[in-house]
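Let's take a friendly walk through some charged pairs and pockets. Please have the model open as you read.

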Amino acid sequence: MNYLAHIYLSGDNDLVTIGNFIADGIKGKDYKKHPKEIQIGILLHRNIDTYTDAHKTVRKSTKRLHEKYGHYSGVIVDILYDHFLAKNWNKYSETPLDNYVNTFYDSLEEHYDVLPLRIQKMIPFMMTDNWLLSYASIEGISRVLEGMNRRTKNRSGMHEAVQELEEFYNEFENEFTLFFDELISFSKQKLEKYSFEIL
């Protein structure tokens, strides 16, 4: 899953959410250097990624893209799924998306010192272009995919995946909805488990 889903699945604890958000930048057992709540967020992130990659519904989505985009298909589906979460946000949260996103940005600034350097450098761009809110529109997703394509030095062709999004929009949305309900339950179970295990 991509940024918005990881943040949402972290629950209401700011430090768990921060841990989930920074997890890709924390390698191996380095997570143990952080406070308990951040450790929980990092481990939750890793579990979400493993669960997502192996899920049959997600694989159905990635298969649709694999011939054209190869191993980038999974990254693309993560981004597309964030679009459907943002678009259908009212189904998953009583807090309006713009308020939710601004609260998260405030939390990033409050906990800036614990963020890895790479994340610290990314934050101004994320906030200025309001990535999380932009996911709700196809135009916003198109900009994200263009940015990801540039990061691969234009090798991935990911910027073109908005074509598949539009062509198979209903299929992707149905797959997201089926999968995300299961992922919410999975994440709640893991959060509860780690809250008891990590001392």
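In this predicted model, the side chains of glutamate 164 and lysine 68 meet in a salt bridge, with 3.4 Å from N to O. The pair links distant parts of the chain, since glutamate 164 sits in helix 11 (residues 162-167) and lysine 68 in helix 4, 96 residues apart. Glutamate 164 counts as buried at 11% relative accessibility, while lysine 68 is partly exposed at 41%. Lys68 also belongs to a network of salt bridges with Glu160 and Glu164.

Searching the whole structure turns up five salt bridges. Three of them are set out here:

| Salt bridge | N to O distance |
|---|---|
| Glutamate 175 and arginine 64 | 2.7 Å |
| Glutamate 173 and lysine 87 | 2.9 Å |
| Glutamate 164 and lysine 68 | 3.4 Å |

Glutamate 175 belongs to helix 12 and arginine 64 to helix 4, so their pairing ties together parts 111 residues apart in sequence. Here glutamate 175 is buried, at 5% relative accessibility, and arginine 64 is partly exposed, at 25%. Glutamate 173, also in helix 12, reaches lysine 87 in helix 5, so this pair ties together parts 86 residues apart in sequence. Glutamate 173 is buried at 14%, whereas lysine 87 is partly exposed at 37%.

Now for the pockets. The largest pocket has a volume of about 1100 Å³ and is lined by 38 residues. Helix 10 gives the most to this lining, with eight residues. The second largest pocket holds about 440 Å³, and among the residues nearest its centre are Ile7, Tyr8 and Tyr100.

Conventions:
Residues are numbered from 1 along each chain as its sequence is written. This is a predicted model: local features need pLDDT of at least 70, side-chain atom pairs count only at pLDDT 80 or more; totals for chains, interfaces and linings use all residues. Side-chain values use heavy atoms; hydrogens and water are left out. On a 1 Å grid over the protein atoms alone, a cavity is a set of points where a 1.4 Å probe fits but cannot get out, and a pocket is an open set with protein on both sides within 12 Å along at least five of seven lines; lining residues have an atom within 4 Å of a point. Grid points are joined across faces, edges and corners, and a volume is the space filled by probe spheres set on the points. Helices (H or I, at least four residues) and strands (E, at least two) are DSSP runs, numbered from the N terminus. A salt bridge is a side-chain nitrogen of Lys or Arg within 4 Å of a carboxyl oxygen of Asp or Glu. Buried means under 20% relative accessible area, exposed over 50%, partly exposed in between (1.4 Å probe, protein chains only).
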